[in-house]
Amino acid sequence: MTMDKTTAKKSAGGKSKMDGKETLLSIQDLRVWFELRRFGFGRAGHVRAVDGVNLDLKQGEAIAIVGESGCGKSSLMKTILGINEITEGKITFEGRNLADMSKSELDWYRSQVGYVQQDPFGALAPFMTIERILEEPLIIHGVKSKQERMRRILKVMEEVKLTPPEDLLDKYPHMISGGQQQRVVIARAMILEPKLIVADEPVSMLDASVRVEILRLLRGLQETHNLAVIYITHDLSTVRYFSERIFVMYAGKLVEKAQVDELLESPKHPYTLALLAATSDPDADNALEIKEVPPGEPPSLVNPPSGCRFHPRCPYFMENVCEVEVPPEFEPEPQHFAACFLFDPEIDAPAP
Ligand code: SF4
């Protein structure tokens with residue numbers, strides 16, 4: 001890892017290539033804590049699943065949130081989807097605060113945010129035909145004309161390459177392949193013409209042979225519809241497919257963010273370095289999973305380590321620094337941010 005401390009400074013914003021586009025989703029100092037209760041003894045603490053996350057997403061932008069399981073990325077995703085309650089901070093969509101939305105505004109919000117689940121078979125009701133699965137969101141959101149519903153179903157099936165549609169409409173999920181099931185999930189996420197798709201490990205349960213096809217499909221939909229996409233994954237090797245920026249998450253916090261090429265070619269945070277080292281091949285055509293995880297275990301989110309939460313696993317740990325204070329975000333390269341004291345120009349840190 002190279003580091004030029006002369007350029008390191010605490011983050012102070014700046015221009016990115018997405019500047020000029022409207023902000024679609026803004027997450028400000030978000031905390032999502034779950035209360036732990038011990039039977040008969042009342043409250044036993046909190047799981048700090050998301051702990052001070054800031055993130056802006058522009059219209060039409062694709063980002064990836066990357067981290068090991070248990071890092072808080074799924075809790076963050078469920079909070080964006082309105083499933084988890086916000087403990088502190090706020091999420092705004094087109095400038096509207098989710099917490100202030102009325103029921104009808106929340107219905108509108110849910111129509112604007114499509115969700116692609118990790119397990120397509122588990123996500124599809126086994127007793128519903130493909131037609132019924134795709135029709136249901138249209139009925140719920142008030143599309144009264146059967147003719148209009150069918151027009152939209154056939155259109156979205158063509159787009160996700162579920163063809164010919166007439167051969168598939170009356171099939172049940174167990175009658176089609178895993179790849180086709182995931183295309184149905186994507187079609188359902190797209191059918192209300194959302195502005196944002198949240199894709200939670202959308203290829204991790206698919207055969208290797210169809211993973212690339214599904215990622216390319218998502219990329220094509222993103223470009224055609226100017227969709228914003230949040231791609232949640234543990235796998236850095238797939239993010240080049242359609243992410244413009246990467247956010248690396250560890251123990252409830254974002255620890256590094258940058259444009260995708262910049263981050264993959266010049267990672268800064270020791271946790272990102274460990275994730276990349278564990279990735280078998282950064283070329284997504286050849287490799288689709290991390291073979292090893294960084295040494296040690298992700299920390300408990302009930303009693304996370306003091307200071308930098310990565311310090312018990314970090315090979316660059318600096319005594320009396322890293323375990324004492326939470327590292328703020330520094331900007332070692334323009335628009336490349338890392339929450340790590342190695343980039344504090346006031347600390348004489350060892351060059352990693
Ligand atoms: Fe490692 Fe310290 Fe940086 Fe944390 S702040 S990642 S412990 S060097």
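The model is predicted, and in it the protein comprises 10 helices and 12 strands. Of its 352 residues, 51% count as buried, while the accessible surface comes to about 16300 Å², with 49% of that area belonging to carbon and sulfur atoms. Among contacts in the protein with a separation of 6 or more, 66% are made by residues 24 or more positions apart.

Helix α7 spans residues 178-190, and its 13 residues reach 18 Å from the first C-alpha to the last, close to the 18 Å expected at 1.5 Å a residue. The helix α7 is mostly covered, with 10 of its 13 residues buried; the buried residues include Gln-181, Gln-182 and Arg-183 as well as Val-184, Val-185 and Ile-186. Against which elements do the buried residues of α7 pack? They pack against the strands β6 (113-116) and β7 (196-200), and against the helices α3 (120-123), α4 (130-140), α5 (146-159) and α8 (208-225).

The structure holds 0 disulfides.

| Residue | Relative accessible area | State |
|---|---|---|
| Cys-71 | 4% | buried |
| Cys-308 | 14% | buried |

Cys-71 counts as buried because its relative accessible area of 4% is under 20%, and the 14% of Cys-308 likewise falls under 20%.

Conventions: Residues numbered from 1 in each chain as written. Predicted model: local features only at pLDDT ≥ 70, side-chain atom pairs only at ≥ 80, totals over all residues. Heavy atoms only, no water. Helix = DSSP H or I, 4+ residues; strand = E, 2+ residues; numbered from the N terminus. Expected span 1.5 Å × (residues − 1). Buried < 20%, exposed > 50% of the residue type's maximum accessible area, 1.4 Å probe, protein only. Contact = heavy atoms within 4.5 Å. Areas by Shrake-Rupley, 256 points an atom, 1.4 Å probe, with all protein chains shown as cover. Disulfide = S-S within 2.5 Å.
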